Amino acid sequence: MLELSDVRKTFRRGPVEVKVLRGVDLRVEAGDLISIMGPSGSGKSTLMNILGLLGRQTSGIYRLNGRDVSTMDDRELSAFRNRHIGFVFQSFNLLGHLTALENAALPLVYRGLGRRDVRRRAQGILEKVGMGDRLDHRPDQLSGGQKQRVAIARALVGEPGVVLADEPTGALDSDTADEVMRLLVRLNRDEGVAVVIITHAPSVSRQCCRQTLIRDGALLEDGDTA
Ligand code: ADP
Ligand code: MG
């Protein structure tokens with residue numbers, strides 16, 4: 001489904017080149033549950049941005065459902081992103097003036113779906129994440145764990161093939177973090193959506209079927225021979 005081959009990313013700051021990714025290979029198949037661990041600054045978010053079509057690699061090939069993404073223009077990229085990829089961020093990234101229902105519905109609104117359909121589907125997914133009784137609450141009326149549930153609903157509402165979660169439990173206390181992780185694991189199992197989770201927590205990583213580590217700009221998978 002997602003396939004990176006020898007992906008490299010170099011940032012240039014004035015005269016200085018920083019080689020963040022130095023040849024990453026990764027295949028994400030339908031229904032996978034994968035963790036990515038690595039120290040701060042090791043390139044996890046850079047990798048996630050490339051996977052999510054939010055940033056481009058310096059070299060190497062990224063194929064999404066068989067398509068080489070370097071052949072797509074910006075309009076195609078955003079359409080592809082909207083249809084196939086859901087995002088969850090550490091800081092939730094909800095819109096403060098919208099209700100839980102309106103936030104969760106955003107990907108469908110961008111698709112141009114009719115209002116009644118949008119509402120029905122957004123409500124359905126909020127019920128699945130345990131937020132069915134908070135539809136009309138705004139983010140500032142929700143706890144951190146509740147905000148992340150709404151963000152997860154938004155990531156899933158369009159039935160993407162893959163959800164990319166960049167430290168989704170990083171801003172939560174440990175009990176709430178466990179609940180959010182259990183939710184992601186359950187949605188992976190029940191909805192069949194592939195989930196890629198960046199995390200610092202070994203306890204989170206252990207719940208994933210595939211565990212990977214970023215080191216020296218490359219991605220090592222548990223079970224790979226070094
Ligand atoms: P992580 O998510 O693992 O903490 P990041 O992917 O955010 O790491 O960053 C990896 C490295 O790339 C860091 O040294 C960071 O400073 C650098 N970096 C990230 N984004 C940019 C950018 N847009 N311009 C220049 N350097 C960047
Ligand atoms: Mg990061």
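## A tour from salt bridges to the ligand shell

Select Asp6 and Arg8: they form a salt bridge, and their closest N and O atoms are 3.1 Å apart. This is a predicted model. Asp6 is partly exposed, at 38% relative accessibility. Arg8 is partly exposed too, with a relative accessible area of 34%.

**Next stop: Glu17 and Arg12.** Their side chains meet in a salt bridge, 2.8 Å from N to O. Arg12 stands at 56%, and because exposed means over 50%, Arg12 counts as exposed.

**Move to helix 4.** Select residues 115–128, then pick out Arg120 and Asp117. The two sit 3 residues apart, about one turn of the helix. Their side chains form a salt bridge of 2.5 Å, N to O. Arg120 is exposed, with 54% relative accessibility. Asp117 is partly exposed, at 32%.

**Now a network.** Select Glu3, Arg27 and Glu29 together: salt bridges link them. How many salt bridges does the structure hold? The count is 13.

**Switch to aromatic rings.** A search of the whole structure turns up 1 aromatic pair. Show Phe87 and Phe89: the pair is stacked, 5.9 Å centre to centre, with 5 degrees between the planes. Phe87 is buried, at 16% relative accessible area. Phe89 is partly exposed, at 25%. The labels differ because buried means under 20%.

**Last stop: ligand 1.** Which residues surround ligand 1? Select Phe11, Arg13, Val20, Pro39, Ser40, Gly41, Ser42, Gly43, Lys44, Ser45 and Thr46. By class, this shell has 3 nonpolar, 6 polar and 2 charged residues.

Colour by secondary structure. Strand 1 (2–13) and helix 1 (44–51) each supply at least two residues of the shell. Helix 1 gives the most, with 3 residues.

- Gly41: a polar backbone atom is 2.7 Å from an oxygen atom of ligand 1.
- Ser45: a polar backbone atom is 2.9 Å from an oxygen atom of ligand 1.
- Thr46: here a polar side-chain atom lies 2.6 Å from an oxygen atom of ligand 1.

Finish with a surface view. Ligand 1 taken alone exposes 570 Å², and the protein buries 63% of that.

Notes:
Residues numbered from 1 in each chain as written. Chains lettered and ligands numbered in written order. Predicted model: local features only at pLDDT ≥ 70, side-chain atom pairs only at ≥ 80, totals over all residues. Heavy atoms only, no water. Near = heavy atom within 4 Å. Polar contact = N/O pair within 3.5 Å; in protein donor to acceptor, adjacent residues only side chain to side chain. Areas by Shrake-Rupley, 256 points an atom, 1.4 Å probe, with all protein chains shown as cover. Helix = DSSP H or I, 4+ residues; strand = E, 2+ residues; numbered from the N terminus. Nonpolar A, V, L, I, M, F, W, Y, C, P; charged D, E, K, R; others polar. Phe/Tyr/Trp six-rings, centres within 6.5 Å; stacked < 30°, edge-to-face > 60°. Buried < 20%, exposed > 50% of the residue type's maximum accessible area, 1.4 Å probe, protein only. Salt bridge = Lys/Arg side-chain N within 4 Å of Asp/Glu carboxyl O.
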